[in-house]
Amino acid sequence: MNYISNYSQGQVSKKADIETRVLSDRLNQEISKVNQFVSTMSGSPWIWPALAYNNIEDIDKANEVLDRYNGNLKMSVSYLIDKNGMTVASSNRDAKDSFIGELYYIRPYFQDALSGKPGSYMGVGLTSKQRGYYSSMPVKNPQGEILGVVAIKKNAKILEEYFKVYSHAFLVNKSGVIFLSSDASLVFNTLWPVDKNVLDELIGSKQFSEIFPCKPVFSKELLNDTIVSYNKNNFYALRRSISLPGWDIIFLSSMKPVLYYRFFGILIIALICIIIIIFFFIFEKEKALNDSNMQLLYMLKEQRFIFDHAKDFVYRHDTKGIFIYVSKAVERILGYTQEEFQNHYTTYLTENPLNKKAAEYTENALRTGESSSSYELEIYHKNGSRIILEVSEEVYFEKGQIAGIIGIARDVTEKKKAQDMIANSAREWALTFDSMADGVSIHDPDFEIINVNRTLCDLLGKKKEELIGQKCYQIFHREDQPVSACPLEKSKYTKQREYVEIFEKTLNKWLAISVSPILDKNGDIVNIIHLIRDITERKRLEKTKDEFVSTVSHELRTPLTAIKEGIAIVLEGLAGPVNEEQKDFLDTAKKNVDRLSRLINDVLDYQKLQAGRIEFEMKPGDINAVMRDAKQIMEPLVKNKGLVLNLNLAGDLPVVSFDRDKIMQVVINLVNNAIKFTQKGSITVATSKKYDNAICVSVIDTGAGIKEEDLDKLFQSFSQVGDGKKNMAGGTGLGLAISKVIIQNHGGKIWVESEYGKGSAFYFVFPVVERRRPNYGS
Amino acid sequence: MEVKKTILVADDEPSIIKVVSYRLKKAGYDVMSASNGQEVMDSISAKRPDLILLDLSMPIMDGYEACRRIKSDKSLMSIPVVFFTASTTAVDIEDVARKFNADGYMRKPFEPEELLKKIKELSGH
């Protein structure tokens with residue numbers, strides 16, 4: 001307990017000490033300030049003349065000085081007293097209780113100053129009856145002669161304010177008379193008992209006015225750093241002197257509420273902590289707020305950037321549909337400024353039917369409050385062009401009421417155009433696909449139909465849905481697996497376009513089928529395009545043509561037979577003797593009949609070969625034997641013309657399959673040509689092996705040769721090369737064309753090498769590998 | 001004196017009959033003629049020829065039908081039949097002749113030597 005008390009006492013004294021010090025400092029400052037002003041005024045050249053000459057002019061000047069200094073002090077009076085103690089000039093000269101004319105001779109501060117030293121005094125005013133601090137200085141003329149006193153009275157109420165902030169603070173004189181007090185009721189009491197003589201002397205000095213209660217507060221003089229009892233409480237007493245001699249500050253600090261004070265201190269500390277924490281939080285929050293503000297700012301900037309550069313603009317319109325806000329991007333997108341875009345939304349719409357739907361959406365959203373999904377509408381650009389906007393809208397509310405619509409609009413004109421283009425081309429493609437004259441099906445590598453066009457559907461008499469997903473052999477051949485003749489199957493291995501013409505019994509139609517594999521970059525089949533053309537009509541026409549050709553040739557041959565035979569009978573002399581001249585003409589006629597006959601045969605052959613309707617009888621055989629037979633046949637003709645026919649046959653030829661008669665036809669044709677164009681020299685027929693898997697036949701002559709520019713035309717039908725008719729004797733112009741078709745049908749190739757004037761070399765090769773022509777149809 | 005062989009020339013074209021008959025007669029044959037298949041059948045039933053030179057394309061009854069009838073008649077099938085036609089190519093006529101059991105063929109226009117050679121060969125002289 002004792003310990004706590006001691007501890008508390010220390011705390012209290014420390015606090016009281018500080019407060020007493022603060023109080024005395026303030027008091028000293030006020031006193032010092034007043035003293036300084038007085039001192040300054042006393043040295044003023046405008047003050048002493050008022051006392052020395054006592055004329056109005058000088059007094060006025062003195063008053064001016066007094067006024068000027070007094071103006072800087074609160075509740076004070078500055079005044080000038082002559083050496084008789086009478087006030088001659090004063091800052092309160094115009095006031096009701098003016099000091100002018102008043103006598104202050106008895107005042108100690110006057111006495112002090114007149115005697116040549118600064119005067120300081122606390123007391124009640126003789127004129128004003130107000131407590132005050134008096135400061136004075138002697139006024140001397142330039143010779144140093146004291147003429148009077150200049151003084152300032154500072155109203156003590158100003159000073160007492162400093163005391164009122166404390167519970168128990170007093171300014172007392174050395175006898176303990178309370179002059180300034182935190183408790184106004186104690187003023188002019190004594191803090192402790194005063195000796196009667198002293199008291200009388202005080203009363204006589206009029207320092208503290210006539211009113212003078214003498215009830216001491218404490219039983220004995222208060223000394224510094226003591227504990228006293230007051231109002232049944234213990235106080236810690238502090239006594240501190242001020243700059244005014246004889247005056248002390250008494251400060252009483254309560255001992256009882258020490259704990260309370262302590263608690264209060266703790267409370268204050270806690271409060272400070274809380275404040276700090278709160279500040280900290282606020283600061284942090286502010287910082288966070290700042291951060292989020294920055295982010296918000298960036299977001300806004302970003303959004304603005306986006307909206308200014310993107311093909312979007314944001315808008316808001318009220319429930320009537322009048323635009324309240326539209327973002328700046330509208331300028332770029334629609335050409336209107338923000339200010340121009342403030343009308344009802346319908347004023348910007350085009351007459352596009354699309355917009356009816358858009359208006360419905362908007363009205364519905366405004367009525368129900370339900371936001372619609374995005375939709376499209378068409379709006380006029382300021383320049384009159386049409387802009388398609390994709391719009392997303394949402395209803396917004398104010399105070400629970402539908403307030404309007406906020407939306408974002410995107411320019412999708414280009415996108416729309418592109419979409420339309422794609423849709424158009426897709427539609428065009430679909431239309432094209434379906435309107436193609438040929439039936440088309442697209443297959444995966446496993447024969448499954450991925451797509452078919454209408455033509456094929458019509459051809460098969462089936463619907464698209466029935467065909468897609470099916471295997472082609474199920475549809476076309478009604479088989480469970482690919483058929484061997486299927487060009488699709490073949491194409492899978494050759495990876496090339498394959499073509500066949502077949503008579504499809506189930507459809508009673510002739511079909512030309514072309515199959516093209518589509519390969520990826522690795523050469524694997526991705527899809528197969530299957531083109532089917534109905535060639536029934538073509539076949540019918542072909543048949544008609546064949547019949548026609550056949551009939552025509554028959555009709556040509558029959559009279560030709562009669563002519564030929566008639567000429568022959570006459571020429572042979574069966575119908576009587578013929579002279580040489582007649583014989584010559586009949587001979588010419590016979591030769592031309594023969595030529596006409598060959599021509600008819602060749603045309604017929606060529607036509608049939610080209611149509612692919614001459615069957616080739618491919619049989620394994622010895623090609624050299626054909627050459628030997630050909631030589632035998634041609635030998636008489638060759639000899640007849642004085643030429644030599646050489647055979648140069650290779651011995652190691654592989655056995656190949658070929659149509660003997662057709663190959664013979666080619667060789668005879670080539671030898672025949674050689675004979676025709678060779679005047680002297682030889683014709684050499686040779687065979688050889690070529691590239692291990694092919695046989696090469698050559699017919700080389702030492703004849704006229706062929707001009708380079710004619711080489712290309714040589715194998716065309718009815719081509720006439722060389723020097724004209726003289727070389728064409730007996731030729732039909734179809735021999736090489738027919739030969740070419742025959743060799744091609746053997747999977748081979750025929751060509752010529754020639755040097756004009758030195759001879760020609762005809763070659764044909766065909767492969768050893770059996771190459772069977774597909775055998776379809778009737 | 002050797003007995004003359006009789007050749008039946010069947011053709012719907014009179015000029016053909018004329019020149020062929022002249023040729024054959026000069027070559028020492030007896031020549032009968034017919035202008036269609038029906039006449040062929042009638043004449044061979046009247047007088048059996050040693051060879052028939054048969055045009056294929058004829059009215060009323062064509063050569064094919066006539067050949068089929070002859071070759072399906074046991075009493076007639078031994079008569080050599082030579083198809084004599086202007087309508088088809090060599091390869092075709094060979095097949096057709098084989099198919100109809102004809103004994104040979106001759107294309108129009110013909111070489112007189114070949115015709116005489118074939119007739120001589122098939123008729124036995």
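**View 1. Two paired strands.** A:His317 stands opposite A:Ile405 in S15(A). Here strand S11 (residues 312–318) of chain A runs antiparallel to strand S15 (residues 401–411) of chain A, with 7 bridges joining them. Strands pair if DSSP finds at least two bridges between them; strands (E, at least two residues) and helices (H or I, at least four) are DSSP runs, numbered from the N terminus. This is a predicted model: local features need pLDDT of at least 70 and side-chain atom pairs pLDDT 80 or more, while totals for chains, interfaces and linings use all residues. Residues count from 1 along each chain as its sequence is written, with chains lettered from A and ligands numbered from 1 in the order written.

**View 2. The whole sheet.** In chain A, 5 strands make an open, antiparallel sheet, ordered S12-S11-S15-S14-S13. Strand S12 (323–326) and strand S13 (375–380) of chain A sit at the edges, each pairing on one side only.

**View 3. Helix H3 (residues 56–70) of chain A, side by side.** Buried residues (20 or more other C-beta atoms within 10 Å of their own, C-beta atoms being placed from the backbone; exposed means 12 or fewer, partly exposed in between) of H3(A) are A:Ala62, A:Asn63, A:Val65, A:Leu66, A:Tyr69 and A:Asn70. They're on the same side of H3(A) because they cover an arc of only 160° around the axis, taken from the directions from helix axis to C-beta atoms. Over on the other side of H3(A), A:Ile56, A:Glu57 and A:Asp60 are exposed.

**View 4. H3(A), end to end.** At 1.5 Å a residue, its 15 residues should span 21 Å, and the end C-alpha atoms agree at 20 Å apart; the expected span is 1.5 Å times one less than the number of residues.
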